[in-house]
Each structure stands twice: as structure tokens, then as C-alpha cells.
Amino acid sequence: MNTTFILGLAILVIGVLSVAFVRPKTYVARLINLEIPAWGLLLVMLAYDEALALMTFVAVTAISTFVIVRLMEWRDASC
Amino acid sequence: MIIPEYSLGLLVAFAAMGVAFFAMMRETDGFHRLLLTDLIEVVSLAFIALIGTDLAEALILPGLVVGTSELIALSEIYRIKEGYTRPPDAGLQIEVMESAPGILAALLVVYGIVLSGFSGGVVAGLGVLFYLLCRGHDERFELIETASGYSWALWIVAFFIFMILPQYWFFAVMLSGSAILVKVMAKMSLIGTMRGGPNA
């Protein structure tokens, strides 16, 4: 059994639990916790040598965080 | 040895998926649901990653593209639905926010051009999109649309070369790879104008 793979799966489960049952239940806390399952997924990809998918996932995650933070800014400005 | 590993991964991914959908079911707030959609995307990508071959990469890349587009579209729909129409005032005025978009966009565009093809177009497009969102824009979008149209035509031409003159396959590969790069990049960068502007 590959250590990277097992570690990735463990972090994936921990991350999913931490996002699903987030405390305190704020948007920022949930957004930050979203990075944990992403790390698990990255380790799983690393275990299978999926370099292209891994790097593209990193690039896309940066943009999706940016989009959500932008939505939070609009929300704060209007509320 | 390979089959137990795959089964274990599949079991864990199913459990994670169950937890994610359970949280989605219990959630009533729209923004929290948007964040949970992102979580479900990550878990479903883990399912695909478990295949562990080139097929997995080929399936993950379009999955990422669709996921990003979906997130951008949903965030806009949510923003309009909730009536968040007042633009945010310029918040953090620090040097890194001024210089980061340019550097990050340049890195993404260069990496996208190296990748080429569909996924390269997406990565480069994300770079352009990020830059446009951060810096604003006053380009003429008919020009981007024209480039996109011509590159689409070149892509089709490359397919005809594959069928009619298969001995020039390498030229056709290069042609279709670069044409779809420009095509997808142009389309993705248009999303960067969703902030609104004079030519949008």
C-alpha cells in the first residue's frame, strides 16, 4: 500500500467532515476548510502520477477561491 | 495488490460523497450550498482520480473546466438573485494586490501555451480572466470574438487534414492544438468581463 495514497484518502475524509460540519458556521471558515479535501485529492493524484491533472487543479482552485471571495465582497458591500 | 487499493479508495470516496450530500441536504443557506457544491466537485474528482490511468487525466481536465464555469455562473446567478448590486469599494490597498494579477496571469498563460489544446486553453483563459477581473478592461471584444471564430475554423480544417491527408498528421495535431487553445482562451476570457464595463 502506498503511503501517499493512504494519507491522501485520510485527509480527504477529514477535510470532507470538516467542511460538512464546520464550526463556527461562517462562510470564511467553510471556504478555508475547503482547502483540506483539496489537499487530499492532490495527494491521491500524486500517488497515481497524474501531474497534468494536479497542476490544472491547482490553477483552477486558485480561481474558484477568487470567485467566492469576490462574491463575499459583493455581499458585504450590499448588506 | 492493485485491486484492494482501488476498492479501499472507492469505499472512502463513497463515504465522503455520502457525508457531503448529507450536509448539502441539511443546508438551507444559498451561499453555504454554493461552497458545498465545490466540496462535492472535489470528492467526485477523487472518484475519477482513483482510476489512475491516462483516462483519469483525460476525464479530470474537462471536469475541472465544467466545474469552474458552473461555479462562476452560479455565483453570478446567486449574486443577482440576492440583489447584491452595489459594487464593493476597493478594499485592501496593498502593493501585492497590484502586482499579483499580472504575474499570476503571465504564469498561467505561459503554462497554458505549454500545455496547448483544450486544457491549455482553459489554463491560459483563466489567467486572462483573472487579470481582467482584477484590473478592469476596455478592450474591443469583437476582436476576441473574431480570433475565436477563425481558430474554430482552423480546428475544423485540422480535422479535414486528419481525414483527407493523414500523412500530414503532425501538422494537423499542431494546428488543432493551437487553434483550440485560442478558441477556449477567448471564450474563457469573456467571463472576465462579467463585472460589467463599457464594451461588455
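Hi everyone, let's start with chain B: of its 200 residues, 32% count as buried, where buried is 20 or more other C-beta atoms within 10 Å of a residue's own, exposed is 12 or fewer, partly exposed is in between, and C-beta atoms are placed from the backbone. Please keep in mind that this is a predicted model, in which local features need pLDDT of at least 70 and side-chain atom pairs count only at pLDDT 80 or more, while totals for chains, interfaces and linings use all residues. Residues are numbered from 1 along each chain as its sequence is written, and chains are lettered from A and ligands numbered from 1 in the order in which they are written.

Chain B has seven helices and zero strands; these are DSSP runs, H or I of at least four residues for helices and E of at least two for strands, numbered from the N terminus.

Now have a look at α2(B), residues 30-49, and α3(B), residues 54-82: their axes come within 10 Å and cross at roughly 175°. The axes are lines fitted to C-alpha atoms, for helices over the stretch in contact, with angles from 0 to 180 degrees between N-to-C directions. That angle makes α2(B) roughly antiparallel to α3(B), the word for angles over 145 degrees; under 35 is roughly parallel, 65 to 115 roughly perpendicular, and the rest oblique. Among the residues that meet are B:Leu34, B:Leu45 and B:Ile48 from α2(B), and B:Leu59, B:Gly63 and B:Leu71 from α3(B). Contact here is C-beta atoms, placed from the backbone, within 7 Å. By class, this contact has ten nonpolar, four polar and two charged residues. Ala, Val, Leu, Ile, Met, Phe, Trp, Tyr, Cys and Pro are nonpolar, Asp, Glu, Lys and Arg charged, and the others, Gly among them, polar.

Further along is α5(B), residues 117-135, where 15 of the 19 residues are buried, so this helix is largely enclosed by the rest of the structure.

How many residues of chain B are in contact with chain A? There are 44, and they touch 38 residues of chain A. The largest share of chain B's side, eleven residues, comes from α3(B). That side divides into 29 nonpolar, nine polar and six charged residues.

Two backbone details in chain A to finish. A cis peptide bond joins A:Arg23 and A:Pro24, with omega about -10°, and A:Pro24 sits in the loop between α1 and α2 of chain A. A:Asp49 is not a glycine, yet has a positive phi of about 60°; with 12 C-beta neighbours inside 10 Å, A:Asp49 counts as exposed.

Conventions:
Two residues are in contact if their C-beta atoms, placed from the backbone, lie within 7 Å.
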